[in-house]
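Biologist: Could you take one part of this model and look at it closely for me? Please tell me which cut-offs lie behind each term as you go.

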Amino acid sequence: MAAENPVESLQEEATCPVCLEYFTEPVSLECGHNFCRACIAQCWEGSDTAASCPQCRETVQQRNLRPNRQLANMVEIAKRLSLQAAKGAGGDGVCGEHQEALKLFCEEDETPICVVCDRSRAHRTHTVVPIQEAAQEYKERIQAHLKTLREEREKLLGLKATREGKREKYLKQTQTERQKIVSEFQQLRQFLEEQERLLLAQLEKLDEENVKIQNENVSKLSEQISHLSELISELEGKCQKPASEFLQDIRSTLSRCEKGKFQQPEEISPELEERVSGFSQEMIVLLETLGKFKANVTLDPDTAHPQLVLSEDGKSVRCGNIRQRLPNNPERFDSWACVLGCEGFTSGRHCWEVEVGVGGGGGWAVGVARESVGRKGRISRSPEGGIWAVEWWLGQFQALTSPETPLPLSRVPSRIRVCLDCDRGQVTFIDAGDEAPIFTFPPGSVPGERIRPWLWVGVGGSQLRLCP
């Protein structure tokens with residue numbers, strides 16, 4: 001259908017039906033239809049004699065091409081009218097200062113200019129290229145940024161999915177802890193109803209904190225994804241616009257495309273995770289009020305000597321044949337093959353059992369150590385060095401009472417119970433098999449600071465296992 005605007009109608013008549021651009025060297029066929037000479041030559045490429053009109057399919061002779069000079073003149077008129085219409089409308093395709101078509105692009109100022117601007121002092125020394133050439137170059141750069149932005153959006157989508165998974169994980173973890181608490185209090189409800197309500201309230205608060213943090217993270221990620229999607233959509237649309245309009249404010253557009261504009265939401269803090277996982281320890285403290293002092297001890301991998309191999313549950317340890325490549329953090333023992341328990345005690349009475357086997361060729365030691373015990377270089381495995389323990393070494397079972405003269409002991413148990421009384425500063429070792437005492441470090445021996453379980457395993461020694 002013809003356009004209602006006369007200028008648009010003229011533009012349509014001056015347009016080649018093949019390339020959809022203004023005619024260049026228009027020629028007429030026998031059927032009366034017109035095409036650019038280059039366009040019709042390309043359509044007929046490979047045919048030596050008769051060919052068909054691309055528009056009506058009528059067979060014509062290739063040699064009977066007649067230049068259409070009237071149409072060529074009409075094309076020039078259409079171009080001028082189009083330029084005048086653009087000037088009258090104040091369009092982006094016309095220089096605002098000189099009212100000339102924007103056919104050039106200044107690379108220094110990164111802006112479209114006309115031929116008059118090119119000759120002006122403002123641009124005379126600048127590098128100027130045809131506007132279409134510049135548009136192609138910047139389109140390629142924009143496309144590169146689009147690729148990066150799409151990749152960022154994919155990363156954010158993946159991060160959002162991960163965070164949503166973690167949210168479910170934390171909710172399941174707190175639900176598991178809730179079930180443990182309820183199970184314990186079914187047996188102790190008449191004594192500990194107040195404590196049960198308190199712990200459940202704390203756990204509910206942790207639920208709310210976890211959900212709040214994760215919902216905020218997911219919301220932030222959604223906002224950033226939406227922002228990137230809008231930017232990508234805007235840039236994709238911009239790339240479809242004419243060169244002169246596309247290159248308007250190109251510097252601002254490029255600056256918005258720079259990578260790394262989003263900030264990764266914060267993870268749940270380690271303190272919050274410890275509070276969730278610490279409910280089992282609080283249960284132990286409550287059970288102490290009923291005369292039950294059994295501590296649930298696990299081994300701390302951050303303190304383990306690089307040659308020690310810990311089980312996944314942190315309940316057993318053995319000495320391997322090779323030294324593992326582990327971070328040399330301040331907490332890690334680097335000379336003696338020692339490891340501390342994760343748990344530390346400052347008050348009350350606590351006990352745990354360690355299965356040591358019988359003897360063990362490489363030697364082992366079981367006991368406690370103060371939090372500040374030396375970790376680097378050779379340490380004194382004695383109260384003087386902050387360690388209270390019993391040891392099997394070179395066929396001798398002994399108490400590590402001093403660095404030079406450990407105290408020989410008579411019996412070698414296969415399972416040792418370590419009993420720590422923080423309030424009295426005393427450590428006692430008992431044969432868990434028959435409840436017979438092995439050795440006691442007297443009251444006041446252990447200082448009033450945080451005390452942790454301590455194990456040492458020699459090369460070729462028995463595997464030590466913390467009993468459930």
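**Cysteines, then the pocket**

Modeller: Cys53 is buried, with a relative accessible area of 0% (buried means under 20%, found with a 1.4 Å probe on protein chains only). This is a predicted model, where local features need pLDDT of at least 70 and side-chain atom pairs pLDDT 80 or more, while totals for chains, interfaces and linings use all residues. Residues are numbered from 1 along each chain as its sequence is written, and side-chain values use heavy atoms, without hydrogens or water.

A disulfide here is a pair of cysteine sulfur atoms within 2.5 Å, and the count by this rule is zero. For Cys53, the nearest cysteine sulfur belongs to Cys31, 3.6 Å away, and Cys53 is in no disulfide. Cys117 is in no disulfide either, with the sulfur of Cys114 the nearest at 3.6 Å; Cys117 is also buried, at 8% relative accessibility.

About 840 Å³ of space lies in the largest pocket. It is lined by 21 residues, of which Tyr22, Ser82, Leu83, Ala101 and Lys103 are closest to its centre. Helices (DSSP runs of H or I, at least four residues) contribute: H3 (69-89), H5 (131-239) and H6 (243-246) each supply at least two lining residues, and H3 gives the largest share, five.

Key:
1 Å grid on protein atoms, 1.4 Å probe; cavity = no way out; pocket = protein on both sides within 12 Å on 5 of 7 lines; lining within 4 Å. Points joined across faces, edges and corners; volume = space filled by probe spheres on them. Buried < 20%, exposed > 50% of the residue type's maximum accessible area, 1.4 Å probe, protein only.
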